[in-house]
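Hello,

Here is the structure I promised to send over. Have a look at it first, and then read on for what turned up.

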Amino acid sequence: MSHASSSAPLGAQLYSVRDDIGPGDLDRTLDRIAAMGFTHVEPFSILKQTGQLAAGLARTGLGAIAAHASVATGDREAFLAAAGRLGLKALIVPWADPDGLRDRAGVLALAAAINEAASRAADEGIEVGYHNHDFEFRQHAGGVPAYQILVDALDDSVFLELDTYWAATGGADVFELLPRLGGRVRFLHVKNEPPDDDDPPILGVDITGRMDEVVALGASIGAMPVVEVVVHEGDIFPVLERNARFFLSQVQP
């Protein structure tokens with residue numbers, strides 16, 4: 001039976017519910033996510049419970065376009081096989097070692113690895129993307145942010161998933177960055193939560209309280225918002241439900 005609404009595209013990164021997707025919890029958690037109005041999920045561990053996840057997606061009607069997978073450095077063939085089983089169209093490189101991005105040579109080496117992965121994935125009809133954190137913006141080489149060097153060196157076929165919180169934290173102006181990157185940005189990681197006392201300082205333009213503007217910019221370039229709430233206190237589900245209500249109000253016509 002399908003529970004997911006088809007009225008607006010809104011994703012939930014399953015890392016937000018990482019403590020609630022074990023074999024005995026996954027089905028119930030997918031039901032709860034669908035009931036909140038999310039239309040898609042973004043898996044992060046597709047080599048585990050692949051069959052159960054595929055069945056759960058089919059049962060709930062939740063879509064899954066892309067998943068986080070270390071396809072540039074990990075077991076590429078295993079990730080591609082799991083993506084095929086899940087019907088995914090894309091795999092997103094979720095992390096890079098910050099120490100490897102402290103100079104231009106390191107950034108270019110990462111770009112080359114991602115480009116190679118993208119070429120192999122294309123043989124299976126799968127695209128490859130890159131997900132940022134803060135350090136790609138905070139770290140510079142020759143006065144240029146590592147993120148900009150990386151984006152310039154990536155093949156045009158490699159798309160971007162912009163984590164808006166981490167980009168702003170690292171020093172970016174998301175309101176300038178999104179229009180400049182344009183259609184290369186396919187997904188936006190978003191959350192609408194008040195800052196915590198122990199959050200790192202925002203080195204860029206603060207997007208707190210401005211998520212309506214961020215989502216509107218994303219919509220203008222065709223990027224789908226994906227809610228990710230990594231740090232929270234207590235039960236994650238009320239937090240996700242609160243975010244679902246907010247972002248659904250932004251993306252619904």
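Is Phe247 buried or exposed, going by its relative accessibility? Phe247 counts as buried because its relative accessibility is 0%; buried means under 20% relative accessible area, exposed over 50% and partly exposed in between, with a 1.4 Å probe and protein chains only.

Before going further, please keep in mind that this is a predicted model, where local features need pLDDT of at least 70 and side-chain atom pairs count only at pLDDT 80 or more, while totals for chains, interfaces and linings use all residues. Residues are numbered from 1 along each chain as its sequence is written, and side-chain values use heavy atoms, with hydrogens and water left out.

Now to the aromatic rings. The count comes to six aromatic pairs, taking rings of Phe, Tyr and Trp (its six-membered ring) with centres within 6.5 Å; planes under 30 degrees apart are stacked, over 60 edge-to-face and the rest tilted. One of them joins Phe159 and Phe187 edge-to-face, at 5.9 Å centre to centre and 65° between the planes. This pair links distant parts of the chain, with Phe159 in strand E8 (residues 159–163) and Phe187 in strand E9 (residues 185–190), 28 residues apart. Helices (H or I, at least four residues) and strands (E, at least two) are DSSP runs, numbered from the N terminus. Both Phe159 and Phe187 are buried. Phe247 also has an edge-to-face partner in Phe246, at 4.9 Å centre to centre and 90° between the planes. Phe246 is partly exposed, with a relative accessible area of 22%.

Next, helix H1 (residues 26–35). Its buried residues are Leu26, Thr29, Leu30, Ile33 and Ala34. They lie on the same side of H1 because they cover an arc of only 135° around the axis, the arc being that of the directions from the helix axis to the C-beta atoms. Their cover includes strand E1 (11–13), strand E2 (40–42), helix H2 (50–60) and helix H10 (236–251). Thr29 has 3% relative accessibility, so it counts as buried. Leaving aside residues up to four places away in sequence, Thr29 touches Val17, Asp20, Ile21 and Phe237, where contact means heavy atoms within 4.5 Å.

Just after H1, Gly37 takes a positive phi of about 105°.

Best wishes
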